[in-house]
Amino acid sequence: MKIKLLSRLLIASFIFSSLTVNAVEDKNVFISIGTDALSFIQKKFGSRVKEVESRDGISIVKIDEDALPWLSLLMHRTFNRCGGFMLHDDAVEADNLLNSQGDQLFAKKNSFVSYKIDQDAIVKPMIEQASPANITATITQLSLFQNRYYKGEFGQKSAAFIKETWSNLIKNRTDATVEYFKHARWDQPSIILTIKGQSDETIVLGGHQDSINGRIGATARAPGSDDNASGISTITEVIRLLVDNSYQPQKTLKFMAYAAEEVGLLGSKEIASDFKKRNVNVIGVMQLDMTNFKGDDSLDIVMMRDFTNDEQNKFIGSIIDHYVPGIKWGFDKCGYACSDHASWHTQGYPSSMPFEATMDTMNHNIHTANDTLTVSNNNASHAVKFAKMAIGYIVELDH
Ligand code: BES
Ligand code: ZN
């Protein structure tokens, strides 16, 4: 194991040193991308792209920075993926991502303890109160901001709105706080609501707050009603249900609205690495990113298989079967590190991403001015299923 570790460090430092040289001369950067797209981009970009390493369906690629906007466009058109790749700070980070995907040692470290599902007395009455109207109202309010871009005034104002909304929900509790998690490199803060239990074991329910217009730019209209006002509004309803029912957790619950996801999972990367550094005992992470567009006729909830914990994914499936009967769920893959669940997974925490549709039937309006509630028929009948599932997940993990 020591040898393996040493060789990895050597590879990483070799890649890293070549990066620093190239970064000055050619402005090369490292990205991770689905291996299925590799030969396509090599054909398109020729010598401007070099494969560094591929494993388990993910490839690390060194690419000319100027090619990124084109790459994003092509990935969108040809592979039906949003950005379709993740940009990394350096080669070491890219290497960590690759290791987190398939490494057996990693899989062991990233372990999830399964629980008996037996909290019906608490969960059932709570999920009966789940309100699509509340979720609709929050989506509507979040969509009113011009955009929620991580840089600039709108993204800061929308963050303040979320902080205020969450603070109002817990104002009568002494065991709960809402705080900004500030980021040094940009202005939009992440938001963390904590309900403290006796135990330091921690359960995280999160989603990204930012929105982006991927075609026009930073100040353009980006309502982001599905991506991801829907996730934040679902989380808001989960908090409301727990508080209205005076739920007192044994473990510590944390609800997060991440900043700057749309530009490379930046907010969640800083938070997950901070938690790891402080050795916070996170026993489970659920990511809600897009919950209100029912893409697939035959499936309601789709568990993403990549950069997630298999055991926990199956457990969440059992939660759905038990508490949200009639809801059909299945599996799919993003094909790359598509949302904040990957930030936690890479730090070794068990993480899951229950999603609104299969990749084939996804909402094509995201990252445009047309990502509005109209696309979801102006209601939250799909998102409310995710609120019920999340209540079941939290309460069962807490016991
Ligand atoms: N919500 C999307 C990810 C997504 C889109 C998942 C469609 C499944 C289907 C997310 O906000 C996003 O756009 N992520 C970026 C990735 C990031 C590393 C920049 C993307 O897909 O380009
Ligand atoms: Zn998103």
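Reply: Aspartate 56 is placed in the loop between strand S2 (49-55) and strand S3 (58-64); helices (H or I, at least four residues) and strands (E, at least two) are DSSP runs, numbered from the N terminus. Phi of aspartate 56 is near 50 degrees, a positive value in a residue other than glycine. The model is predicted: local features need pLDDT of at least 70 and side-chain atom pairs count only at pLDDT 80 or more, whereas totals for chains, interfaces and linings use all residues. Residues are numbered from 1 along each chain as its sequence is written, chains are lettered from A and ligands numbered from 1 in the order in which they are written, and side-chain values use heavy atoms, with hydrogens and water left out.

The domain assignment, which is automatic or from a database, divides the protein chain into domain 1 (2-100) and domain 2 (104-398). Their centres, taken over C-alpha atoms, are separated by 28 Å. To the contact (heavy atoms within 4.5 Å), domain 1 gives 18 residues and domain 2 gives 18 residues. Between them, the two domains bury about 1500 Å², with 59% of it on carbon and sulfur atoms; buried area is the accessible area (1.4 Å probe) that two parts lose on being put together, summed over both.

Two helix pairs may be described next. The axes of helix H2 (residues 38-45) and helix H3 (residues 68-79) come within 12 Å and cross at roughly 130 degrees. That angle makes H2 oblique to H3 (under 35 degrees counts as roughly parallel, over 145 as roughly antiparallel, 65 to 115 as roughly perpendicular and the rest as oblique). Axes are lines fitted to C-alpha atoms, for helices over the stretch in contact, and angles run from 0 to 180 degrees between N-to-C directions. From H2, Phe40, Ile41, Lys44 and Phe45 meet H3 residues Trp70, Leu71, Leu74, Met75, Thr78 and Phe79.

The second pair is helix H9 (residues 225-244) and helix H13 (residues 383-397), which pack at an angle of about 50 degrees with their axes 9 Å apart. H9 and H13 are therefore oblique to each other. Here Thr234, Val238, Leu241 and Leu242 of H9 meet Ala383, Phe386, Ala387, Ala390, Ile391 and Ile394 of H13. Helix H9 also holds asparagine 228, which a cis peptide bond joins to aspartate 227, with omega about 0 degrees.
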